[in-house]
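Grab a pencil and work through these exercises with the sequence and the 3D view side by side. Try each task yourself before you read the solution.

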Amino acid sequence: MQAEWIWGLGGGLLIGLGAAVYLLGNGRIMGASGIIGGLVDNSDRSLERLSFLAGVIGMPLLLRPLLSSTPQTHLTSNITVVIIAGLLVGIGTRLANGCTSGHGVCGISRFSQRGIVATIVYIAAGGITLVLFRHMWGLI
């Protein structure tokens, strides 16, 4: 059995732990798009939001020396596709009032109907996108 699954498990555990600490620490739900969105549009530049962003960026850099090898990804080398995908994700999180960390991790764990529906839509949209872009159009 290949050991790459451990990266996904570890990442999921860290996101869940971060969500729990964020909720227990300040009584608010951790939604990465809302936290980062408040920094981007200057609506809330609090130390809490800046600390969260510093942790998201800094923790992989701190853990890098502990890794024996770099995990393999299947990210396309087509930078145009990467930029378009990033913009679509940003637009989608604004339309859905949250991202997968907010709806998927925090919403489902609270049995939020909106979170469950949003997560189902995210997964379906991701599957459809993969079929279209990889298997039908050969872009990724």
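## Getting your bearings

Of the chain's 140 residues, 18% count as buried, where buried means under 20% relative accessible area, exposed means over 50%, and partly exposed is in between (1.4 Å probe, protein chains only). What you're looking at is a predicted model, in which local features need pLDDT of at least 70 and side-chain atom pairs count only at pLDDT 80 or more, while totals for chains, interfaces and linings use all residues. Residues are numbered from 1 along each chain as its sequence is written, and side-chain values use heavy atoms, with hydrogens and water left out.

## Exercise 1: the overall fold

Work out how many helices and strands the chain has, and what pattern they follow.

*Solution.* 
- Step 1: Helices (H or I, at least four residues) and strands (E, at least two) are DSSP runs, numbered from the N terminus.
- Step 2: count. You get six helices and zero strands.
- Step 3: read along the sequence, and the pattern is α-α-α-α-α-α.
- Step 4: check the dimensions. The C-alpha trace spans about 45 × 40 × 30 Å along its principal axes.
- Step 5: look at contacts (heavy atoms within 4.5 Å). Of those with a separation of 6 or more, 39% are between residues 24 or more positions apart.

## Exercise 2: helix α5 and its neighbours

Find which residues of α5 are buried, and which helices they pack against.

*Solution.* 
- Step 1: locate α5 at residues 100–109; its buried residues are S101, G102, H103, C106 and G107.
- Step 2: recall some helix geometry. An α-helix has 3.6 residues a turn, so residues three or four places apart point the same way.
- Step 3: find the partners. The buried residues of α5 pack against α1 (5–26), α2 (32–40) and α6 (113–136).
- Step 4: zoom in on α1, where I15 sits. The C-alpha atoms of I15 and S101 are 7.5 Å apart in space, although the two residues are 86 apart in sequence.
- Step 5: list what I15 touches. Leaving out residues up to four places away in sequence, I15 touches M30 and V105.
- Step 6: is I15 buried, partly exposed or exposed? I15 counts as partly exposed because its relative accessibility is 41%.
- Step 7: step just past α5, where F111 takes a positive phi of about 60 degrees.

## Exercise 3: the cysteines

*Solution.* 
- Step 1: know what you're after. A disulfide is a covalent bond between the sulfur atoms of two cysteines. The cut-off used here is a pair of cysteine sulfur atoms within 2.5 Å.
- Step 2: check burial. C99 is buried at 10% relative accessible area, and C106 is buried at 7%.
- Step 3: conclude. The structure holds zero disulfides.

## Exercise 4: aromatic pairs

Find how many aromatic pairs there are.

*Solution.* 
- Step 1: set the rule. Rings of Phe, Tyr and Trp (its six-membered ring) pair if their centres lie within 6.5 Å; planes under 30 degrees apart count as stacked, over 60 as edge-to-face and the rest as tilted.
- Step 2: count, and you get two pairs.
- Step 3: take Y22 and F52. Their ring centres are 6.0 Å apart with 70 degrees between the planes, which is edge-to-face.
- Step 4: check burial. Both Y22 and F52 are buried.
- Step 5: now take F133 and W137. Their centres are 5.2 Å apart and their planes are at 75 degrees, so this pair is edge-to-face.
- Step 6: check accessibility again. F133 is partly exposed, at 24% relative accessible area, whereas W137 counts as exposed at 51%.
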